[in-house]
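Hi,

Here is the structure I said I'd pass on.

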Amino acid sequence: MAGLISFTNVSSSGQLAGVAVITGGGSWLRLAPGVFLVNLRYVLMSISLGQRPGPGVGAVRRTLLALGITDEIYALGMSRARLAVVSHPSGCALPILGWTSGTVLGGLVGNALPERLTAAFGLLMYVMFVAIVTPAAARARPVLGVVAGGTGLSTLLAVRTDPASGWRIIVTALVISAVPATVVPVPAPDDEQGAGT
């Protein structure tokens with residue numbers, strides 16, 4: 001069952017929100033909005049990533065790009081000047097397979113591992129995000145500003161609200177994506193070429 005949940009919901013935050021509702025005796029009516037709100041950031045990522053393919057790519061093919069988006073796949077997609085519609089799904093396959101098989105393996109052997117080791121595994125997600133964000137933040141000041149702003153806002157909300165609340169993540173994601181997009185928008189490659197002529 002855990003493997004099926006991982007395969008159909010490739011999101012650690014979505015899975016944690018779902019497990020919290022299920023184990024807390026919550027209903028499916030509470031589960032669906034909870035998972036939707038926690039995963040709302042993927043809507044913003046899809047819109048952003050949908051602008052990366054070339055001008056000849058239609059709306060249907062752009063929509064298909066959204067099916068495999070995770071934080072890591074989004075970061076890799078945004079690191080390319082142009083996103084190939086053919087290569088993007090193949091890039092999604094390995095992370096989804098790894099995520100699903102890792103869940104199954106963790107379910108099978110997790111209880112047999114020492115507590116110190118399982119606690120250390122809990123840090124790996126944070127280390128992975130740092131490894132993804134650090135090179136981009138070192139190359140571009142706007143990215144560094146977004147990282148610092150997101151960290152500061154998340155910390156402020158954690159101090160002032162319940163740290164376990166999913167609202168902190170949602171508010172931080174919305175603010176830290178909307179403000180930089182408004183203040184320092186990144187021009188599309190077509191706009192940059194037009195500005196130079």
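Predicted model: local features only at pLDDT ≥ 70, side-chain atom pairs only at ≥ 80, totals over all residues.

Let's begin with the core. The largest nonpolar core has seven residues: Tyr42, Met45, Leu49, Leu65, Ile69, Tyr74 and Leu83. Helix α4, residues 41-49, is the biggest contributor, giving three of them. If you zoom in on tyrosine 42 and skip its neighbours within four places in sequence, you'll find it in contact with Val10, Ser11, Ile69, Thr70 and Asp71.

Next, glycine 68, which sits in the loop between α5 (59-65) and α6 (71-78). Its relative accessibility is 10%, so it counts as buried, the cut-off being under 20%. Not counting residues up to four places away in sequence, glycine 68 touches Ile73, Cys92 and Ile96.

With 25 residues at 1.5 Å a residue, α8 should span 36 Å, and its end C-alpha atoms are 38 Å apart, so the two agree.

Last one: threonine 172 in helix α10 (residues 166-183). This threonine 172 counts as buried because its relative accessibility is 11%. Leaving out residues up to four places away in sequence, threonine 172 touches Gly150, Leu153, Ser154 and Leu157.

Cheers

Note on methods
Residues numbered from 1 in each chain as written. Heavy atoms only, no water. Helix = DSSP H or I, 4+ residues; strand = E, 2+ residues; numbered from the N terminus. Expected span 1.5 Å × (residues − 1). Buried < 20%, exposed > 50% of the residue type's maximum accessible area, 1.4 Å probe, protein only. Contact = heavy atoms within 4.5 Å. Core = buried A, V, L, I, M, F, W, Y, C linked by side-chain atoms within 4.5 Å.
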